[in-house]
Each structure stands twice: as C-alpha cells, then as structure tokens.
Amino acid sequence: MKRVWMLPKTDYLPFAEIDDRRDVALVTSTPAWDAVKELLRLNVVWRYDVTEADESAWLAANQTLRGDVVYAVGGGLAVDAAKYLAAKQGLPLICLPTVLSVDAFLTWASGVRENGCVTYIETKPPERLIIDFAVLAAAPLTVRAAGICDVLSIATGLWDWRFAHERGKNPAHMPYIPYVDTIAQGILQGSLDCAEAAGQGDKEGLKQLLDCLALEVQLCNQIGHSRPEEGSEHYFAYSVENVMGKGLPHGDLVGPGIVLMAALQGQAIAPLKKALLECAIPLTNIPPDVITATLKDLAAYSTRHNLPYGIAHEITDAHLTQLPSLA
Ligand SMILES: [Zn+2]
C-alpha cells in the first residue's frame, strides 16, 4: 500500500446556490437530471447519460468529452463514470448526488462489470461533494437511503474477515485488525440508529447516514482494502446481477445478500432486516429460485473470481434448507 486516499471536501448547499461559470462536462442519468435540472444554472457544453458500468462505453465517451470541469449528477453509476472520465482527462470533479444510494461518491475507485463480476479501477474521489438535503429527501423512496446497504454490509463483511482470519485465509495485505473491527461495529451501529429517519428523508437521518458512509469509506482507505465493508453479501449481489440484469439498483441486490449471508453466518437477522425495511430496500425483487441457484453456485463463483475469503466460499447444499424469509 503506497497511498491513502481522502474523502471529497463536502459542502451542504442547496443546488440552486451553486455558482460556477466554467464549461461543464455533465455526466448524469436522464431521470436524475430531469429531477434537478430546474435548480441548476450550469454552462453544460457536453453531456453523457450513463446507462452501464462498462469501461468500453466510458472510453468511447472519453473520446468526445469537452469542458473545464466534470459534474456528476445522479447516483452511483453517474459518479463512477464521472470519476473515470475526470481522472482520464485530468479535470476537477464535482459530485451532486441526487440519492444516497451507494458509497461511490466518496470513494476513489470506479466499479465496472467484467466477465460476470465487478472489479474496481483506481480513478479518484471527487474534489468536491455538494449535498442538498431537500434533493435527497425528494428522491424515490426505494433508493433514497439505499446507501445504508454499504454500511449494513459491515455486519456480514466483518464476520467474513474474522472467519477468514480463523481459517488462515487472509492474504498478507489484508490482515485482521481487531481495533478496526471495533470501529466498524460503531459505524454499523450508527447506521442502525439512523435507518428509520434516513428512510423517511429526515435531514438529520440523511446526515447521519452520510457520516456513516464517509467513516466507512475512510476506514477502508486507511487500511487499503474493503474487508470491513465488503464480503459475501456483495459477492451474492455481483453474481445474481448476471441473472437479474443490470437494471436493478445496488440495494435491491446487496440488501437481500446481507440478510441471506447473516443467516448463513448464524447472526441475528432481525436488526438488519428492520433497518433495511425502514429504508424501504426491496428484499423480494429476486425470485426464490434465482436466489437458490445463485447460492448453489456462490462458492464456485467466489473462488473463480478470486474474491476475499468468506462464508460464500463454504456454502453447501445443506445450508440451502435453512434460508430465512425475505418477505
Ligand atoms: Zn456496495
């Protein structure tokens, strides 16, 4: 590990008060832009509506990009593409999230789909993050606070990290660190505490969820990997996305993954499920037969894609008889 990345400078500011005269390269998604365009007075000279996390599509966009600054307006997909393009172009990046749906607007990497899995390319964090709580509160209910999945995943990710430690499966650059485990548990508790308020679009609740996301990201930045936050629940999401297609939000995939993996790990699922439902994460969008087929293959999938060791690597058919209800 040779570098510790930082979080973006964050301003709490109504989008209508943004004053920027520069030529803007806009990276967005159509529904997100339509939701906030009336608030913004940007001199947009180039626009890219992102539809997939595909590097070849981003490279094609990179060929035509114009502007002095990149703005990402939207959710995870827009910001991941914008980080990629801004890093390639050496341009500053300003991120205007329209939902708290993922942690991507705080991280230095962009997730891309590759050979049926997700890999992360080093890009850069936005230089500036602008949070308009009224915009976040007005986001569609099921994605508004779905970023909680990237904090609740601490419950299952930490368990995997400890499990791998006990099995002697942690590589030298991902050693288990007890005090980091303790810090992560505190962040997890913070998200359980704010779930209901964040889900309702309450400003203090959204603020606490944002703080939990930022702390989780910086904790991972300091240790140089994401084991405290990313484990088997994300592997489930990456795998099941191949069947469900690219249209479903991250939370619709990771949320059920958290409940399923926590149950397989023998953890109490009630507090996690309660927080997921308080944030209106859809837990039943994946058909039961798809869940079963995904779990049957998950050990082989996780090995094949060289994912850090966890419960996913040891799922057997015997486990599949004891799955929790997601309804
Ligand atoms: Zn995630």
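Is asparagine 115 buried or exposed, judged by the other C-beta atoms within 10 Å? The legends below describe close-up views of a predicted model, and the opening view answers this question.

**View 1. Asparagine 115 in the loop between strands S6 and S7.** Asparagine 115 is exposed, because 8 other C-beta atoms lie within 10 Å, and a residue counts as exposed when that number is 12 or fewer. The loop that holds asparagine 115 runs between strand S6 (109-114) and strand S7 (117-122). Most residues other than glycine have a negative phi.

**View 2. Asparagine 306 in the segment after helix H12.** Asparagine 306 follows helix H12 (288-304), and its phi is near 60°, a positive value in a residue other than glycine. Asparagine 306 is exposed, because 7 other C-beta atoms are found within 10 Å.

**View 3. An open sheet of six strands.** The strands follow one another in the order S1-S8-S5-S4-S2-S3, and their pairing is parallel. Strand S1 (9-12) and strand S3 (43-49) stand at the edges with a single partner strand each, so one side of each has no neighbour in the sheet. On average, neighbouring strands of this sheet are turned by 25° against each other, direction ignored. Within the sheet, strand S4 (residues 69-74) and strand S5 (residues 93-97) run parallel and are joined by five bridges, and tyrosine 71 stands opposite isoleucine 94 in S5. Helix H3 packs on the sheet, where it touches strand S2 (23-28), S4 and S5, and the direction of H3 makes about 170° with that of S4.

**View 4. Leucine 77 in helix H3.** Helix H3 covers residues 76-89 and includes leucine 77. Leucine 77 counts as buried because it has 25 C-beta neighbours inside 10 Å, where 20 or more are needed. Leaving aside residues up to four places away in sequence, leucine 77 touches Ser29, Val50 and Ala53. Alanine 184, by contrast, is 107 residues from leucine 77 in sequence and 26 Å from it in space, C-alpha to C-alpha.

**View 5. The packing of helices H2 and H3.** Helix H2 (residues 55-64) packs against H3 at an angle of about 50°, and their axes are 10 Å apart. The two helices are therefore oblique to each other, and H2 passes H3 in a right-handed crossing. On the H2 side the meeting residues are Trp58, Ala61 and Asn62, while H3 contributes Ala81, Tyr84, Leu85 and Lys88.

**View 6. Helix H9, largely enclosed by the rest of the structure.** Helix H9 (residues 232-244) has 13 residues and reaches 18 Å from its first C-alpha to its last, close to the 18 Å expected at 1.5 Å a residue. Ten of the 13 residues are buried, so the rest of the structure largely encloses H9. Among the buried residues are His234, Tyr235, Phe236 and Tyr238, together with Glu233 and Glu241. What covers the buried residues of H9 includes S7, helix H6 (149-166), helix H10 (250-264) and H12. Just after H9, glycine 245 takes a positive phi of about 90°.

How values were computed:
Residues numbered from 1 in each chain as written. Predicted model: local features only at pLDDT ≥ 70, side-chain atom pairs only at ≥ 80, totals over all residues. Helix = DSSP H or I, 4+ residues; strand = E, 2+ residues; numbered from the N terminus. Contact = placed C-beta atoms within 7 Å. Pairing = 2+ DSSP bridges. Axes fitted to C-alpha atoms, helices over the stretch in contact; angles between N-to-C directions. Expected span 1.5 Å × (residues − 1). Parallel < 35°, antiparallel > 145°, perpendicular 65-115°, else oblique. Left-handed = near helix turned anticlockwise from the far one by under 90°.
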